[in-house]
Amino acid sequence: MVSLGCPKNLVDSERILTKLRSDGYAMSPDYQGADIVLVNTCGFLDSAKEESLEAIGEAIAENGRVIVTGCMGKEAEVIRARFPGVLAVTGAHQYEEVVGAVHEAAPMPPSPFVNLVPDAGLKLTPRHYSYLKISEGCNHRCAFCIIPSLRGDLVSRRPDAILREAEKLVEAGTKELLVISQDTSAYGVDIRKEPRMWKGQEVVPHMTDLARELGKIAPWVRLHYVYPYPHVDQVIPLMAEGLVLPYLDIPFQHASPAVLRRMRRPANEAKVLERLRGWREIAPDITIRSTFVVGFPGETEEDFQYLLDWLDEAQLDRVGAFRFEPVEGASANALPDPVPEEVKEERYARVMEKTAAISAAKLQAKIGRTLEVIIDEVGDDGATGRSQADAPEIDGEVFLRDAGHLKQGDIVKVAIEDADDHDLYGVPVSA
């Protein structure tokens with residue numbers, strides 16, 4: 001299995017592999033030992049599509065028997081034109097079609113043995129953290145995005161099914177649940193009148209209720225891809241209580257009202273700043289991570305300076321930035337006044353310099369504090385982990401000395417001794 005793209009794709013890969021394992025198939029660690037190579041593609045940006053096509057080409061060159069699935073599966077004609085030898089092409093989260101294609105290409109011989117699958121299913125992440133997908137699709141129609149055309153409108157999972165999966169993951173060793181969807185804050189909008197029974201009580205399909213129940217199951221619960229709807233305010237007290245990590249991943253995308261309107265995004269940036277201040281009063285350690293697009297069609301120097309000034313005031317903890325990239329099928333492609341590539345590069349460099357300075361100052365302020373850290377890797381003497389402010393693979397890390405006695409998945413107290421622009425350095429505090 002070659003799994004590309006976002007964590008939502010990773011969860012799809014895990015579900016496909018879990019089903020195949022239950023049918024008797026085994027995973028191969030390399031191309032040579034495989035009867036079939038599955039490539040789970042990303043189709044969000046043109047650069048992601050090209051990466052997907054390169055991965056398909058590599059799999060064909062190394063193995064020859066390739067099944068393609070994922071977001072780029074919607075462009076089957078493009079894939080087949082370039083690689084006519086692929087065995088099958090299916091779209092995003094079409095689990096049954098993928099499994100059926102594998103059965104057809106590499107039939108499982110009858111066997112008297114049963115291949116056992118863990119209750120939590122097969123995972124592609126380390127044992128101590130797991131992505132938990134709560135819905136598919138999205139109801140937004142942002143000008144730069146084609147996700148709704150790839151994955152459809154919002155379809156929320158039943159809350160009891162989500163909680164049951166969370167419980168199995170924790171029983172199997174998960175310490176941190178990373179809640180993901182295309183729009184986590186919209187969870188339950190489509191099934192809001194369908195509460196379910198869980199542990200003898202009704203659970204309403206709503207982000208706040210779901211987060212509260214998840215907080216009773218797992219030591220750490222981290223919320224990703226949250227739009228700043230008014231009801232998000234209700235989640236902040238759960239963070240202050242310790243039920244949910246004080247961390248919100250909010251894709252603001254920009255701050256200039258003019259750019260946000262062209263993006264078809266909510267343009268209430270002043271209200272957002274006010275709410276950020278209110279959230280920090282309730283949960284002072286809250287970490288806000290976000291992503292921004294620079295060089296969107298029509299973005300002026302004034303718009304970009306507005307974004308820089310807004311970032312100065314917002315003081316976000318973790319920021320990623322992207323240069324605008326046209327995507328086939330996105331309405332933004334038809335907008336006038338494209339920004340020249342050299343201007344995009346220059347603005348990208350400026351926004352990253354600005355946010356790195358903010359990050360460095362915030363991390364310097366943590367020197368001398370004692371923080372909870374979850375351990376990801378352990379060496380002979382040291383270890384690497386993450387604080388509550390750090391999601392795996394996208395945020396910073398905490399590097400520990402004198403930590404060779406720890407184990408992966410341990411949650412320990414760490415005295416912070418030093419910091420740089422993105423990472424912390426410390427030592428475990430003895431019990």
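The charged end of Arg386 sits over the ring of Tyr129, 5.3 Å from its centre. A charge counts as sitting over a ring if NZ of Lys or CZ of Arg is within 6 Å of the ring centre and within 35 degrees of the ring normal. Another such case is Lys8, which lies over the face of Tyr225, at 4.2 Å from the ring centre.

Before I continue, a word on the source. This is a predicted model, in which local features need pLDDT of at least 70 and side-chain atom pairs count only at pLDDT 80 or more, while totals for chains, interfaces and linings use all residues. Residues are numbered from 1 along each chain as its sequence is written, and side-chain values use heavy atoms, with hydrogens and water left out.

Let us stay with Arg386. Which residue forms a salt bridge with Arg386? The partner is Asp376, and the closest N and O atoms are 2.8 Å apart. A salt bridge here is a side-chain nitrogen of Lys or Arg within 4 Å of a carboxyl oxygen of Asp or Glu. The pair links distant parts of the chain, with Asp376 in strand E15 (residues 370-378) and Arg386 in strand E16 (residues 383-387), 10 residues apart. Strands (E, at least two residues) and helices (H or I, at least four) are DSSP runs, numbered from the N terminus. Arg386 has 1% relative accessibility, so it counts as buried, and Asp376 is buried too, at 12%. Buried means under 20% relative accessible area, exposed over 50%, and partly exposed in between, with a 1.4 Å probe and protein chains only.

By this rule the count comes to 33 salt bridges. One of them joins Lys407 and Asp410, with the closest N and O atoms 3.9 Å apart. Lys407 is exposed, at 54% relative accessibility, whereas Asp410 is buried, at 19%.

I turn now to helix H12. It covers residues 341-364, has 24 residues and reaches 34 Å from its first C-alpha to its last, close to the 34 Å expected at 1.5 Å a residue. The expected span is 1.5 Å times one less than the number of residues. Among the buried residues of H12 are Arg347, Val351, Ile358 and Leu363. What covers the buried residues of H12? The cover includes helix H11 (301-314) and strands E13 (287-294), E14 (318-323), E18 (411-419) and E19 (424-428).

Lys362 forms a salt bridge with Asp317, the closest N and O atoms being 3.4 Å apart. This pair also links distant parts of the chain, as Lys362 is in helix H12 and Asp317 in the loop between H11 and E14, 45 residues apart. Lys362 is partly exposed, at 23% relative accessibility, and Asp317 is buried, at 13%.

Finally, the aromatic rings. The count comes to 8 aromatic pairs. Rings of Phe, Tyr and Trp (its six-membered ring) pair if their centres lie within 6.5 Å; planes under 30 degrees apart count as stacked, over 60 as edge-to-face and the rest as tilted. Phe292 and Trp310 form an edge-to-face pair, 6.1 Å centre to centre, with 65° between the planes. Phe292 is in strand E13 and Trp310 in helix H11, 18 residues apart, and both are buried.

Conventions:
Contact means heavy atoms within 4.5 Å.
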